[in-house]
Amino acid sequence: MSTHTVTMTINGRRHTGTVEARVSLADFLRDQAGYTGVHLGCEHGVCGACTVLVEGNAVRSCLMLAVQADGAGVTTVEGLAAADGTLHRVQEALMNEHGLQCGFCTPGIVMTMAALSGEGKKATETELLDALSGHLCRCTGYQGIRRAAQQLAKPEAMDTANGEQS
Amino acid sequence: MSAPNASTGNTERTAVADTAQNGATRVAGMGSGRYIGKRAPRKEDPRLLTGRGQFVDDISLPGMLHVAFTRSPIARGAILSVNTEVARDVTGVHAIYTQQDLAVFNADMISFYLVSPDIKTTPLADGRVAYVGEPVALVIADNRHIAEDAASLVEVEYAEEDPVVTIGDARSGPTVHPGRDDNISVQMGEEELDEELADKLDSAPHLVTQKVVHQRISQSPMETRGVVATREGAQELTLYITCQSPHLVARWVSLALGVPQTAIRVIAKDVGGGFGLKNHPWKEETAVILATMLFDRPLKWIEDRYENLTASCQAREQEMVLQVAFDNDGKLLASHGDYSVNNGAFPQLSECNIAVHMFVWAAYKMPAYGFLTRGWYTNTPGYAAYRGPWGMESLIRETALDVAARRIGIDPIEIRRRNLVTLREQPAESVMGIPLEDVTPAECLEKLLEKFDVGQFRAEQASLRKEKRYLGLGIATYIEPTGAAGAITTMTGELAQVRIEPTGKVTATMSTHSQGHGTATTMAQIFADRLGVPYEDVSVFEGDSSRGGFSPGAAGSRQGVIAGGAAIMAADLLVSKVKTLAAHVLEADPGTVTIEDAMVRIEGSPEKSRSLAEIANIAYGEPDRLPAGFESGLEAQYRYQPPPMTFSSAANACVVEVDVDTGFVTILRWISSEDCGTAINPAVVEGQISGGLAQAIGMVLMEEVGFDARGNPVAATYKDYHLPAISDVPDFEFVHASTPSQSVGGMRGVGEGGAIIGVPTLVNAIADALSPFGEVPVELPLTPTRLLSVIEGRDLGAKAGSETTAVMASQPGAAPVDATPETPVAPPQATAEDATEAVRIDGDWNMALATPMGAQEMTGHFETSGETLSGYLASAEGQMDFTGTVAGNKLQFDLKVVKPMKITLKYNLEVNGDKISGKCKMGIMGSVKVTGQRAT
Ligand code: FES
Ligand code: FES
């Protein structure tokens, strides 16, 4: 089995490691870099729990190899809240709307919503719900997740997003 | 306490008082301090939203190695040889174990009731395999990749045999477990229909025979099973395991391994859903624990989704035929149920689901009911619980009522109104003897109808039908036993331990456990409310067997009800302590002391107000200032034993449209009207119901664990096993009726209800939509293919197990024919008389009663004198004397018992040589098998 040295910027910090070619980005992030907020619900690309941002795009880290992310900037759920602990507005919306129960699917849902609705980006409710249809949650019946998406798509939420930008 | 300590206490007090004041300013905006009933944000969320949860796979220990399993590729057969040579040679492999290696521990794979299994159950396969996916060998390696590589290199030679896959196969096929007479794992009720009941059914103006075939379900928590086990020397075992109660796991492991001397600590801080699958360890977890003890290194096993979908215990595969007789007004006259459940090969408990029969008519005015109920062994993964395990009762009853309403020509709402037991009619007793005092399904239904205009819907439905659009309305009502405690060993009360820390903050340890239930939130709300402190000041700890005390955790919709009561009682004890101390220190009357916003005040003397932290500091650090006899500190604990059962009630309505070209179902509206008594946090309550309803939608429309004829699982990924996605689940509307229960705090359980009531609600809506095409057979899931067959009038062919209907239809209530040859019964008279001399009855017998909770062992002592029999039955619970009669080799006697209920046990036994067998009829519960042999 060939091994490779990979370097990524994870949540703003440089991380270098040695991996076998077959190691997934998810396993690398969890086992080597210590970002256990990356959850593995299926390891075959359906549940979405493992979603992270690679260069700003939502990616299923169970379907990407660590070697493919060499040199990339990666954001996991640990890297979303501000340094002072202030939650990202996606996290806050999910908290306010009781969008989680066990919290296992949550990191992936947060990251998909953040990819569409973070840093001045503004997705419509339909866009958010379409993206969320690729996530499985066994606990909530999706009620709070949908309400959070609706909150984020509201015009006022846009202002806040822009406000955060400036 | 010595002086230096007291002075330290003083310094601290000053600092703490400041903090408390800051705290008070911060919380001032939070409102009145009444937290019960508020949609408080969850305590668990900040951790879980930022990736700081601690799930079992997040645990990594120094020196930890990884486990993978070699699993059986066949459903039934003997293991001829296991060759691990090649696998052992893989670099990074440390050990490979088979059952031979683990057998030294002689682990007893006990059930949820902590009873040994009826069939030999071992962590790894023992000479034979009984389902595809059964673990055969355990590989320990440096990492998961290597462990899996090596597991696939273990060579196992099998002699494959034809498997028994379905309930139908089990009735007629070979025995799954060698040495058993048949594939019945447990049976209750009467094989022969009671004549009086048969008459009532036969002579009724309307007889509806409803059949339901329920598919097998994978509980599918988003976090799969997993365990990290580590042994710290010979005396300590620590387990990180994803479970529903660390306390139950600790108790289970201690009993299963017979290692009471070992300090077992079980930690499960965060758990990604359980739903019944994670009640206690099963084959794989046990194998890993044993391997840890053998190999003496920390081991981790994390199930992957493929294993979870194909080899974990599963749930719900069942069939039932319910006959219901009505008069011309649609009033219930009599009913009979015949139920079967697939237990798989190694079930977590031998289940015949007696609860289905206990509750099927519990909330309805049903004069007569009889049943036969059985569990069947098959060559499939074992049975485990799934949210609302007895939910078949609501599914079959509520769908049968709709069929009856259509046939008799009355409104489905009206048929329920005529038969439900209303609040005014209580107290009442159900046909199965369940006392009803405050169930409110009828009232929930009326409340629901205030929110849904049925007349308007019917008009819309009629006009759309003209456009060939098919809308349907489904209504269902039910009651559910929740918060049960006292009848089953593991279903205990709950413990709350709470203290006001010297800082004035509140910490509590609970026997509860959350797999998403948010008990750290709801319990904190109760403490904040009752203690008069800000919600932010309360921290609740759970998820560690070294904290709190025993409880089964999440099982049977119980935590809000029982632990809620415990939290209230403990908080009240603590409040009275604070009052006593404050009154003493501030020289006031205890009756004038109040606590609000963490401030202790004396009515009429505002100048005497002190922060709770100040009082707490005195309690811990200044013993000289305490009243005489006052226990220092501010701590209290209470284990609450609730009433044996607390009922929740609900009525649900949903509207669907069925596309008659594609067979697809769109859910247009869903209203849940439920009575959960006091809602501690309505957002948590609605979350529980919503999750259950989504699971109900999955059961009705999409989920299915299937097998091919060789017992191979056909749903191996989430591409084949369809969980509902956000696009499949509508917005749920809620109506809360809140009739306080008789439990402390007035709560009623809501954990399982959605998964129970949602199923018939949706099925009824679909059946209503398609009623112009005929009745929809209730064979779940109702896939587009199945619905199109109704719409297009095609017969998809009878499914396995349909022989039940055939028999039932022609001969109501008769027992399905078993192909297994019956044990020859001694022909009447002649043989019996001949036998008289030869029969030896007197003496001691080792006997076992096959109850649904497992085999109950007892010793029987018989003495005969002519036709008179006397003797006693003795078990761990005590000894009971009886007298009865003997005729030839046949014995008859009655025993009156009062626990767990008042019941007369009627024994009918037969002695054949050194064997004794027969039945014990347990009143309305029906008969169970008795077997035994002469004690030597
Ligand atoms: S774990 Fe990656 S999609 Fe499920
Ligand atoms: S919150 Fe448990 S799976 Fe989504």
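Predicted model: local features only at pLDDT ≥ 70, side-chain atom pairs only at ≥ 80, totals over all residues.
Leaving aside neighbours within four places in sequence, H206(B) is in contact with V324(B), A325(B), F326(B), D327(B), N328(B) and I408(B).

**Setting of H206(B)**

- H206(B) belongs to strand β8 of chain B, a strand that spans residues 206–214.
- The relative accessible area of H206(B) is 18%, and because the cut-off for a buried residue is under 20%, H206(B) counts as buried.

**Extent of the interface of chain B and chain A**

- On the side of chain B, 56 residues are in contact with chain A, and on the side of chain A the residues in contact number 42.
- The size of an interface is often given as the accessible area lost when the parts come together.
- For chain B and chain A the buried area is about 3900 Å², and carbon and sulfur atoms give 59% of that area.
- Within chain B, the residues that lose the most area to chain A are L49(B), M222(B) and I726(B), which together account for 23% of what that side buries.

**Polar and charged pairs across the interface**

- Between chain B and chain A the count of salt bridges is 5.
- A salt bridge joins the side chains of D58(B) and R30(A), with a distance of 2.8 Å from N to O.
- The rule for polar contacts finds 23 residue pairs across the interface of chain B and chain A, with both residues of a pair at pLDDT 80 or more.

**Make-up of the chain B side**

- The elements of chain B that give two or more residues to the side touching chain A are α2 (45–49), α5 (144–151) and α19 (682–702).
- Of the side of chain B that touches chain A, α19(B) provides the largest share, with 8 residues.
- Sorted by class, the side of chain B that touches chain A holds 25 nonpolar, 18 polar and 13 charged residues.

**Helix α4 of chain A**

- Helix α4 of chain A covers residues 125–132, and L128(A), L129(A) and L132(A) are buried in this helix.
- An α-helix has 3.6 residues a turn, so residues three or four places apart point the same way.
- T126(A) and D130(A) are exposed residues on the face of α4(A) that is turned away from its buried side.
- The cover over the buried residues of α4(A) includes α3 (106–117) and α5 (143–153) of chain A.

Methods: Residues numbered from 1 in each chain as written. Chains lettered and ligands numbered in written order. Heavy atoms only, no water. Contact = heavy atoms within 4.5 Å. Buried area = accessible area lost by both parts, 1.4 Å probe. Salt bridge = Lys/Arg side-chain N within 4 Å of Asp/Glu carboxyl O. Polar contact = N/O pair within 3.5 Å; in protein donor to acceptor, adjacent residues only side chain to side chain. Helix = DSSP H or I, 4+ residues; strand = E, 2+ residues; numbered from the N terminus. Nonpolar A, V, L, I, M, F, W, Y, C, P; charged D, E, K, R; others polar. Buried < 20%, exposed > 50% of the residue type's maximum accessible area, 1.4 Å probe, protein only.
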